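Good morning, and thank you for coming. I shall present one structure today, and I ask you to keep it in view while I speak.

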Amino acid sequence: MIRVNENYAKLQASYLFSEIAKRVKSYQQANPDKPVIRLGIGDVTEPLPPVCIEAMHRAVDEMSKRETFRGYGPEQGYDFLREAIAKNDFLRRGADVAADEIFVSDGAKCDTANIQELFADKISVAVPDPVYPVYVDTNVMAGRTGKNVGGRYSGLHYLDSTQENGFVPAPPSEPVDLVYLCFPNNPTGATATRDQLAAWVEYARKNRALILFDAAYEAFIRDKSIPHSIYEIEGAREVAIEFRSFSKTAGFTGTRCAYTVVPHSVAAYTRKGDAVPLHPMWNRRHTTKFNGVSYPVQRAAEAVFSRDGKKQTKALTDFYLKNAKIIKKGFAKAGFEVAGGDNSPYVWVNIHGDSWEFFDRLLNEAQVVTTPGAGFGKMGQGFIRISAFNSRENVEKAMARIQKIL
Ligand code: MLT
C-alpha cells in the first residue's frame, strides 16, 4: 500500500500567496470593471537591466552555433558567474567567500526550502515570527513539527519579532539546533545591525547550531553601517549558510537565478558529536537533484557585476525604494505606525485590527492587493505588508485610493 506523507495534513490549506491570488481572482471575476493594483507578493514589474538583456542575447547567439553551443553546464554554476559573485558580493566587502563555495541555483525559495534535507529529523528549529512561510512549511513537510494550534506548530521554536524589539529577535536563552534569519527581513523590512548579527553568530558557535541566513533583499540596504552578508561577521563561516537571489536585485523573478553559499568550514554533527562538513553534502544533493541554471541566464546574471550592470541594478533598486518611501509616507500621513521600507522593499504597517479584514477592505474598497501580516505568523496579526514592487504610477494611484478610503 502506497502511504502518503501525513505531515502534509498538518499544513494550512494553501500557501499564503496562493490564498491571496485566489481571493484576488474571485474579486476580479465579480468586478471585471474595477482594475486591481498589486502590492501583495513581492514580484518585480520593471524590465531587466539592459546589460542583462544584451548578455542574454549574446549567449543565445552562442547557442545557435556548433562552435559555441553549450549543453549541460556544471550543476554548481559556471565559473565565470561564481567568480564574479565571490569577488563583488563578498571579497569587496571584506567577507571571505571563495568561488567554489557558491552554488548557483534557480531560486532562493527552492534553496531555503531544500537545505533542511541535510539535517536530522529530530532537531530543534527556530524561526522568526512573522516569517517567510517557506521556512516553516518545509519543516512541517519533513515531520519536524507537531500540529498547528492557534497559528503555531508545536515543536517549533518561535522568535517573536515585535515593535518593541524593532522586529529583530535576540537569540533565545535555551539552545536550538537550526535558526532561520532573514535580513533585510521579509515581511517586516527590518535590518539587523552588526552587533545583533554578531550575537547570533556567537550563540550559534556556543551551541553548535547552524544559522540559515536569507539575504535575498540585501541589494536594498542603503545604510552603510548595516552588514549585507553574515560573513561580514567574524566566525560566521563555521556556523552559517547564506542565500542570495538575483530576483529582487536585478528583476529576475521570471528569469530565475540565485545562489547559496556553503563555506568549506561550516559543519553539522553526527549523533556522536563528530563534525561533518556541509559543503560536500550540499554538493552531493545539488548535483544529484539539479542540472544547473541555463547558460543565457547565468550570462545575464554575470552582467549584473559589470560597471554598467552595477549602475543599472542600483537604479532599479533605488526606483523601488522610492516607491517604498511613497507608501510609507502615505500610511504615516493616514496615522498608521509604519516600519521597514528604508533598506527594504517592504513596508510593514500596524493596522491595529485584523489583518485579513483589512486586506479584504483594501481589496474591496480600494482595489489594492496587500499581504495580511497574519499570513506570516501569529505575531503578524494586526499588520499588513505592502510591497514596493510596482510602477510609480500604480504606487501613486494605490496610495491615493487607500488614503481616500482611510
Ligand atoms: C514575497 O512576496 O514574500 C516573495 O515574493 C516571495 C518569494 O520571493 O518567494
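Predicted model: local features only at pLDDT ≥ 70, side-chain atom pairs only at ≥ 80, totals over all residues.

**Loops, domains and ligand**

Let me begin with Pro187, which is found in the loop between β7 (178–182) and α6 (194–207). The peptide bond leading from Asn186 into Pro187 is cis, and its omega is near 20°.

Asn186 also brings us to the ligand, for a polar side-chain atom of Asn186 lies 2.8 Å from one of the ligand's oxygen atoms. Two further contacts deserve mention. At Gly42 the backbone takes part: one of its N or O atoms is 2.6 Å from an oxygen atom of the ligand. At Tyr346 an N or O atom of the side chain is 3.5 Å from a ligand oxygen atom. The ligand taken alone exposes 270 Å², and the protein buries 84% of that area.

Which residues are around the ligand? They are Phe17, Ile41, Gly42, Lys109, Tyr132, Asn186, Tyr217, Lys248, Tyr346 and Arg385. Sorted by class, this shell has 5 nonpolar, 2 polar and 3 charged residues.

I turn now to the domains. The domain assignment of the chain gives domain 1, made of 11–47 + 310–405, and domain 2, covering 53–307. Their centres, taken over C-alpha atoms, are separated by 25 Å. Why does the ligand lie between domain 1 and domain 2? Both domains give residues to the shell around the ligand, so the ligand lies between them.

Next, please look at helix α10, which has 27 residues and runs over residues 307–333. At 1.5 Å a residue, α10 should span 39 Å, and this agrees with its end C-alpha atoms, which are 39 Å apart. After α10 comes Gly335, with a positive phi near 95°.

Where is Pro130 placed? Pro130 sits in the loop between β3 (125–129) and α5 (133–141). The peptide bond from Asp129 to Pro130 is cis, with omega near 5°. The other position is Arg256, in the loop between α7 (247–250) and β10 (258–261). Although Arg256 is not a glycine, its phi is positive, at about 75°.

Thank you for your attention.

Technical notes:
Residues numbered from 1 in each chain as written. Heavy atoms only, no water. Near = heavy atom within 4 Å. Polar contact = N/O pair within 3.5 Å; in protein donor to acceptor, adjacent residues only side chain to side chain. Areas by Shrake-Rupley, 256 points an atom, 1.4 Å probe, with all protein chains shown as cover. Nonpolar A, V, L, I, M, F, W, Y, C, P; charged D, E, K, R; others polar. Domains from an automatic or database assignment. Helix = DSSP H or I, 4+ residues; strand = E, 2+ residues; numbered from the N terminus. Expected span 1.5 Å × (residues − 1).
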